Amino acid sequence: MDRLDFIDTRFGTANHYHFSQGNCLPLTGVPFGMNYLSIETNQNQGAWWFHPDDHSFSGIRLTHQPSPWIGDFATVTFLPVSGPLIKGDIFHNQTSYRPKEARFQPHLLEIFSQRHRVLTRATASTYSFQCDFSFENGKAGLIIHNPGNSFWQVKADGKTVIGCVQNVSDCQDKDLSMFVHLQFNSPILKKVIGKDLTITAFDDTTKTTFTYFQFAADLKHLELNAATSFVSSKQAKLNWQREFPKTFEEGLKQNRKKWNTYLNRIQIEDKNFEKVKIYYHHFYRALLFPQKWYEINESGQPIHYNTTSQKAVIGKYYTNNGFWDTYKSLYPLLSLIAPEVYADILEGLLSAYQDTGYLPKWLSPDERGMMPGTLVDAVIADAAVKGIREDLMPAFLEAMLVTANTQSVLPNYGRQGSQDYQKLGYIPNNYSESVNQTQDYAYSDFCIGQVANSLGKFKLGCQYHTRSLNYRHLVDKETGYLRSKDQHGQWRPDFNPICWGQDYTEGSYYQNGFACYHDFLGYIRLIGGKEAFAKKLEELCNREPVFDVHGYGFDIHEMTELATQDFGQIAISNQPSFHLPYLYHYIGQPQFGQLILKNLLNHAFSDQGYPGDEDNGSMSSWYLLNSLGIYPVTPGTGQYLIGIPAIDQATIRLPNENTIQINCKGNVPQYQFVKEVRLNGAIYNKLYIDHNDLITGCQIDIQLSLVPPLKHYDNSDLPYSLTD
């Protein structure tokens with residue numbers, strides 16, 4: 001059975017924590033493509049324009065939305081209708097549909113309009129998309145609507161349409177446009193625009209939010225073949241010419257093949273087939289972002305639109321990605337299964353630096369500066385230690401140093417408060433989220449040191465490794481808590497570890513106080529040793545999921561997700577908690593982490609959806625890796641910590657033609673501990689495995705048990721720590 005046939009892209013779009021709905025739009029396209037198609041069920045809900053329980057259908061939406069918190073850009077929607085229009089708006093022309101009868105697949109959308117009696121099928125590739133409309137009653141028409149103004153100029157043949165869609169989302173270039181080259185298989189007979197349904201000339205370029213094309217009354221089948229560009233109308237035509245002519249079925253076949261190229265790289269087997277299905281749902285999600293935002297010009301060169309200089313420039317570019325979310329799960333996954341994509345994205349990151357003078361933090365389509373830190377540094381460092389695009393590392397090191405040490409006048413670029421960080425060794429609490437900022441900058445300094453060392457610049461590497469210990473300025477040695485200080489080195493008074501916001505990002509101390517990924521053993525010694533740290537972890541895990549709204553002043557959805565899940569203070573619903581179950585590895589007691597992971601994988605994730613925000617493939621990638629029994633707590637070291645698999649068997653087919661075989665014996669609910677690990681047949685006692693051991697091909701056999709074995713782990717068995 002083809003994996004695509006049991007993936008329903010609505011999975012996770014509205015689980016029982018419905019407030020997180022929207023991060024998982026049912027997107028149809030190809031992995032890492034530029035354009036995606038989805039279904040718009042309510043155009044009046046802003047960025048929350050789809051809900052799986054809605055029965056209304058206002059069209060097939062060409063979307064570039066990575067998250068409702070970010071919003072869509074350069075979007076347009078196509079609604080097939082049958083019969084005359086009454087008014088020039090969507091409310092009077094939208095229809096109902098039956099969600100249970102619709103098809104939502106990675107390569108195909110299929111919707112039947114109950115009112116207009118139209119079957120719509122849609123598919124998309126990187127630069128193009130196709131729609132196939134079957135009108136049961138004839139009287140074919142098509143409405144094009146969008147939140148911003150656009151124009152749709154019909155050429156002399158009556159079949160070719162040149163479109164220009166205005167972006168209404170945040171962007172450096174307020175006039176950013178998407179250009180569309182579109183062709184129908186049947187001529188347009190009439191063009192109508194606006195609320196008043198004004199009949200207009202085919203070559204009219206009046207900008208509007210509503211356009212209607214009328215076709216022959218007896219037409220029952222209409223095909224739409226289109227390509228887009230963010231560079232120019234000329235480039236959109238070139239993109240179209242490279243994609244067409246091809247039939248809808250040919251396009252569908254090509255897009256199915258593209259998906260299987262990636263989905264076939266991991267083969268999962270389990271006695272419970274539902275777990276297999278869920279795994280591939282997550283796999284589909286992980287392959288959606290980041291999205292390609294470069295095109296190929298007439299000379300075969302990659303080009304993209306630079307929104308800062310407001311012109312097309314040479315170079316690759318990727319968008320719709322927040323590195324605060326994705327550096328710790330998505331990119332380590334790509335380094336295993338798709339290093340060629342990782343390599344391409346790195347070129348795009350360098351282009352973003354060349355365009356703006358800073359490495360990016362949150363792109364959509366350009367810098368949004370949404371989250372703390374400059375955690376793209378971890379993406380670069382992880383590539384450096386894994387030998388991915390070593391040729392780019394000298395340029396990246398320069399870019400990392402500039403981004404780290406140059407204070408931008410615009411808050412969305414670079415490190416906020418970088419001058420204070422260099423002066424004080426921490427971000428003072430007159431800055432928002434100062435504890436998170438300090439920890440993230442310290443970790444980024446470690447990543448700079450790793451890149452410097454990879455280039456043989458050991459003095460510079462030592463300098464930044466030393467600077468990476470700056471997080472210690474915020475360690476309260478009496479309590480072990482990471483707390484904020486003011487500019488004079490005074491602790492913020494009245495500390496409460498369950499207070500959310502202010503000094504912390506989307507959480508309290510519990511979710512955000514353990515982010516010294518590169519120096520856990522040093523931190524453990526600093527607060528009194530392993531026993532003191534074990535007590536700290538017991539507090540983390542066993543404290544009720546209570547919270548004080550504090551800096552936010554109201555419930556944010558992450559608070560509700562924490563309380564609903566009831567895993568103590570381990571809020572797996574959000575990225576800061578991703579590594580928390582693995583903290584026990586650093587004191588040689590992985591059995592506690594295995595118990596937490598087993599329960600998270602079996603109970604927090606289900607066929608109903610996600611425990612929280614699935615941001616840009618980050619939570620899906622966390623599930624994929626942890627289901628295999630590995631997770632990279634510290635990107636930039638090349639280490640994957642060994643957890644506990646959730647599937648019977650996995651075969652990972654690497655692009656270098658090597659294979660990773662993971663076998664898990666005793667994979668039943670009651671066996672919640674790892675009894676034994678074997679690597680290539682030999683007993684393996686380390687709590688981590690190196691990337692190089694994986695990509696050279698290996699077999700990992702893991703035996704689970706009812707109770708944990710009595711084991712002692714030497715320091716050499718523990719994961720990486722800078723000051724070990």
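Colleague: What makes the side chains of Lys275 and Asp270 a salt bridge?

Modeller: In this predicted model, the side chains of Lys275 and Asp270 meet at 3.6 Å, N to O. A salt bridge needs a side-chain nitrogen of Lys or Arg within 4 Å of a carboxyl oxygen of Asp or Glu, and therefore the pair Lys275 and Asp270, at 3.6 Å, counts as one.

Colleague: Which residues of helix α1 are buried, and what covers them?

Modeller: In helix α1, which covers residues 233–243, the buried residues are Gln235, Ala236, Leu238, Asn239, Trp240 and Glu243. Among the elements that cover the buried residues of α1 are β9 (128–135), β12 (177–184) and β16 (221–229).

Colleague: Why does the salt bridge of Arg265 and Glu340 tie together parts that are apart in sequence?

Modeller: The side chains of Arg265 and Glu340 meet at 2.9 Å, N to O. Arg265 lies in the loop between α2 and β17, whereas Glu340 lies in helix α6, so the pair ties together parts that are 75 residues apart in sequence. Arg265 counts as buried, because its relative accessibility is 14% and the limit is under 20%. Glu340, with a relative accessible area of 37%, is partly exposed, because this value falls between 20% and 50%.

Colleague: How many salt bridges does this rule give, and which residues are linked in a network?

Modeller: The count comes to 29 salt bridges, and a network of salt bridges links Lys316, Asp344, Glu347, Arg389 and Asp391.

Colleague: How do you know that Cys131 is in no disulfide?

Modeller: The structure holds zero disulfides. For Cys131, the nearest cysteine sulfur is that of Cys164, 20 Å away, and because a disulfide needs two cysteine sulfur atoms within 2.5 Å, Cys131 is in none. Cys131 counts as buried at 1% relative accessibility, and Cys499 is buried with a relative accessible area of 9%.

Notes: Residues numbered from 1 in each chain as written. Predicted model: local features only at pLDDT ≥ 70, side-chain atom pairs only at ≥ 80, totals over all residues. Heavy atoms only, no water. Buried < 20%, exposed > 50% of the residue type's maximum accessible area, 1.4 Å probe, protein only. Helix = DSSP H or I, 4+ residues; strand = E, 2+ residues; numbered from the N terminus. Contact = heavy atoms within 4.5 Å.
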